[in-house]
Amino acid sequence: MFTDSHCHIEDEETLKRAFAAGVTTLLNAGKDLDEAAAQLKMCETYPNVWTSAGVHPDSAPEKLAAIGVAEIVRAAAHPKVIAIGECGLDYHYGADVKEEQKEMFARHIEAAGQTGLPLMIHQREAEADMLELLRVGAAKFGRLAGVIHCFTSTPEFAQAVNELGFYISASGIVTFKSGAAVAEVFAQYPIDKILIETDSPYLAPVPYRGKTNEPAYVVKTAEKIAAIRGLTCEKIARITTDNFYNLYHKAQRV
C-alpha cells in the first residue's frame with residue numbers, strides 16, 4: 001500500500017510496474033496547465049491515480065500573460081485534480097526572474113485559498129521569499145495547506161513550514177550519502193506530516209541511482225524513512241498513505 005505522492009509519468013507500463021511493486025496510490029504531478037492532457041487521461045483511466053493543476057516555476061516567466069488565478073481555479077475543478085501545483089520558487093536556475101516567479105507563485109496561493117486545495121510546492125534556494133508569500137497567504141485565508149515536495153532544505157526551514165502546518169516529502173535523495181542532512185530532517189519532523197515520493201523520472205534512490213527513476217522505486221525511500229524512524233517499512237507505508245489522504249482530502253480511497 002505504498003503511495004508515490006509526486007511523480008511524472010505518461011506511459012502505462014511504468015504504472016503497471018508500480019502496481020506490481022505494491023504502490024497503490026500515485027499523484028502524477030501536473031505539468032503546466034497547457035501540457036496536462038496525458039496526465040489527465042491516465043488519471044481518468046485509473047481510479048487510484050491523481051493529478052494537480054499549476055505552472056512549474058521554470059515556466060513562470062513565459063506563462064505569466066496567459067495563466068492567471070482564474071485559469072488555475074478552472075483547471076482545479078476537474079474531479080481528478082487534488083492539488084494546486086507543481087508551483088513555487090526555484091532560484092538555483094531562475095535567480096534572474098525572481099519577480100516573475102513570485103508573481104506566479106502568488107497566483108497559485110490565491111487559487112489554493114479560493115479552492116481549499118493544498119499547494120504542491122517546489123522550493124530551491126528561495127526559502128525567505130517562499131515563507132513570506134506563504135505567510136501572507138495564510139493570513140489572508142486563515143489557513144493554507146500544502147507540501148514542500150522533494151524537501152532538501154534546512155532544519156530551520158522545516159521548522160518554519162511545520163509552524164504553517166505544512167507537510168514535507170522525502171525523495172530518493174534521503175538514500176544518498178550526500179543526503180544525510182536531509183534524512184536527519186525527516187528523522188525529526190512530525191511523522192503525521194511526512195510523505196514519500198519519487199519525483200520520477202529524476203532522483204532514483206539507491207540502489208538505482210543513475211537510472212531512470214519510476215514510482216516502483218518509492219519502496220526504497222520508504223525503507224530509508226523506516227530505518228531512520230525505527231519503524232517497519234509496512235508501518236511507514238501505512239502512515240505515509242494515511243498522510244497523503246489527510247492532506248489531499250479531495251482524493252477518495254479506492
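Two strands count as paired if DSSP finds at least two bridges between them. I start there because the term "bridge partner" comes up throughout, and one case is Cys7, whose bridge partner in β2 is Asn28. The model I am showing is predicted.

Let me take the sheet from its β1 end. β1 and β2 run parallel and are held by four bridges, the Cys7 to Asn28 pair among them. The whole sheet is open and has eight strands, in the order β1-β2-β3-β4-β5-β6-β7-β8, with parallel pairing. From one strand to the next, the twist averages 30°. As a reminder, strands of a sheet pair through backbone hydrogen bonds, in either a parallel or an antiparallel sense.

Next, β2, which covers residues 23–28. Five of the six residues in β2 are buried, so I call this strand mostly covered. β2 is joined to β3 by two bridges, again parallel. Leu26 is the residue that stands opposite Val49 of β3.

How many residues of β3 are buried? Five of its five. β3 spans 49–53. In a regular strand, side chains alternate between the two faces of the sheet. Here Val49, Thr51 and Ala53 point one way from β3, while Trp50 and Ser52 point the other way. Both sets are buried. On to the neighbour: β3 pairs with β4 over three bridges, in the parallel sense. For Thr51, the bridge partner in β4 is Val81.

Helix α2, residues 37–45, lies across β2, β3 and β4, and runs at about 145° to β3. Helix α5, residues 98–115, lies across β3, β4 and β5, at about 155° to β4.

Ile148 has Ile168 as its bridge partner in β7.

Now the largest pocket. The space in it comes to about 660 Å³. Its lining is made up of 27 residues, and those nearest the centre are His56, Glu86, His122, Asp199 and Tyr202. By class, the lining divides into seven nonpolar, ten polar and ten charged residues. Which strand gives the most to that lining? It is β5, with three residues. β4, residues 81–90, and β5, residues 119–124, each supply at least two.

One last residue, well along the chain. Ala227 sits in helix α9, residues 218–229. Is Ala227 buried or exposed? The relative accessible area of Ala227 is 58%, and the cut-off for exposed is over 50%, so Ala227 is exposed. Ala227 is 98 residues from Asp129 in sequence, and their C-alpha atoms are 33 Å apart in space.

To recap, we have an open sheet of eight strands with parallel pairing, a β3 with five of its five residues buried, and a largest pocket lined by 27 residues. That is what I have for today.

Key:
Residues numbered from 1 in each chain as written. Predicted model: local features only at pLDDT ≥ 70, side-chain atom pairs only at ≥ 80, totals over all residues. Heavy atoms only, no water. 1 Å grid on protein atoms, 1.4 Å probe; cavity = no way out; pocket = protein on both sides within 12 Å on 5 of 7 lines; lining within 4 Å. Points joined across faces, edges and corners; volume = space filled by probe spheres on them. Nonpolar A, V, L, I, M, F, W, Y, C, P; charged D, E, K, R; others polar. Axes fitted to C-alpha atoms, helices over the stretch in contact; angles between N-to-C directions. Contact = heavy atoms within 4.5 Å. Buried < 20%, exposed > 50% of the residue type's maximum accessible area, 1.4 Å probe, protein only.
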